[in-house]
Amino acid sequence: QVQVVESGGGLVQAGGSLRLSCAASGNIFSINAMGWYRQAPGKQRELVAAFISGGSTNYADSVKGRFTISRDNANNTVYLQMNNLKPADTAVYYCHADVALRSGNRFYRHWGQGTQVTVSS
């Protein structure tokens, strides 16, 4: 009923930039949070940046000043502009959308399939 699709990953040299996109579609009444996590090999999934309930943003300390999250509410889309990339940013990046299907329903988290970001040194 809800699809979350990421795009924009790839291979980039250290110091370079990438822009990730994520669109949520389907039977969506409301989204109260949407953002990005990442998971590197052998590590747990961690928050990168997200819009949380109320519209404020959260960023991981490791990306502050380098990554910027933005959104297009009309199209249920979020973007992650990643600048000054480092090899430590190499991971699969996952988008999530916390979606209510009807008025008064609770929000459920839906995940995308992930997009690989590889930063070479």
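Student: How many residues does the largest nonpolar core have, and which of them have the most contacts inside it?
Tutor: The largest nonpolar core has 28 residues, and those with the most contacts inside it are Trp36, Val48, Phe67, Leu80, Met82 and Tyr93; the term stands for a set of buried Ala, Val, Leu, Ile, Met, Phe, Trp, Tyr and Cys residues joined through side-chain atoms within 4.5 Å. Several strands each supply at least two residues of this core, among them E1 (2-7), E3 (18-26), E4 (30-39) and E9 (91-100), where strands (E, at least two residues) and helices (H or I, at least four) are DSSP runs numbered from the N terminus. The largest share, 5 residues, comes from E9. This is a predicted model, in which local features need pLDDT of at least 70 and side-chain atom pairs count only at pLDDT 80 or more, while totals for chains, interfaces and linings use all residues. Residues are numbered from 1 along each chain as its sequence is written, and side-chain values use heavy atoms, with hydrogens and water left out.

Student: With which residues is Tyr93 in contact, leaving aside its neighbours within four places in sequence?
Tutor: Contact means heavy atoms within 4.5 Å, and the partners of Tyr93, apart from neighbours within four places in sequence, include Trp36, Val48, Phe67, Leu80 and Met82, as well as Glu6 and Gly114.

Student: Why is the link between Cys22 and Cys95 called a disulfide?
Tutor: The sulfur atoms of Cys22 and Cys95 are 1.9 Å apart, and a disulfide is a pair of cysteine sulfur atoms within 2.5 Å, so the pair qualifies. Cys22 lies in strand E3 and Cys95 in strand E9, so the pair ties together parts that are 73 residues apart in sequence. A search of the whole structure finds 1 disulfide.

Student: What makes this disulfide of Cys22 and Cys95 left-handed?
Tutor: The torsion about its S-S bond is about -80°, and the disulfide of Cys22 and Cys95 is therefore left-handed.

Student: How do you know whether Cys22 and Ser21 are buried or exposed?
Tutor: Buried means under 20% relative accessible area, exposed over 50%, and partly exposed in between (1.4 Å probe, protein chains only). Cys22, at 1%, therefore counts as buried, and Ser21, at 19%, counts as buried too. Ser21 lies in strand E3.

Student: Why are Tyr37 and Trp111 described as an edge-to-face aromatic pair?
Tutor: Rings of Phe, Tyr and Trp (its six-membered ring) pair if their centres lie within 6.5 Å, and planes under 30 degrees apart count as stacked, over 60 as edge-to-face and the rest as tilted. Tyr37 and Trp111 are 5.3 Å apart centre to centre with 80° between the planes, so they form a pair and the pair is edge-to-face. Tyr37 lies in strand E4 and Trp111 in strand E10 (residues 108-111), so parts 74 residues apart in sequence are tied together. Tyr37 is buried, with a relative accessible area of 19%, whereas Trp111, at 35%, counts as partly exposed.

Student: How do you know that the charged end of Arg45 sits over the ring of Trp111?
Tutor: A charge sits over a ring if NZ of Lys or CZ of Arg is within 6 Å of the ring centre and within 35 degrees of the ring normal, and the charged end of Arg45, which sits over the ring of Trp111, is 4.6 Å from its centre. Arg19 likewise lies over the face of Tyr79, at 4.1 Å from the ring centre.
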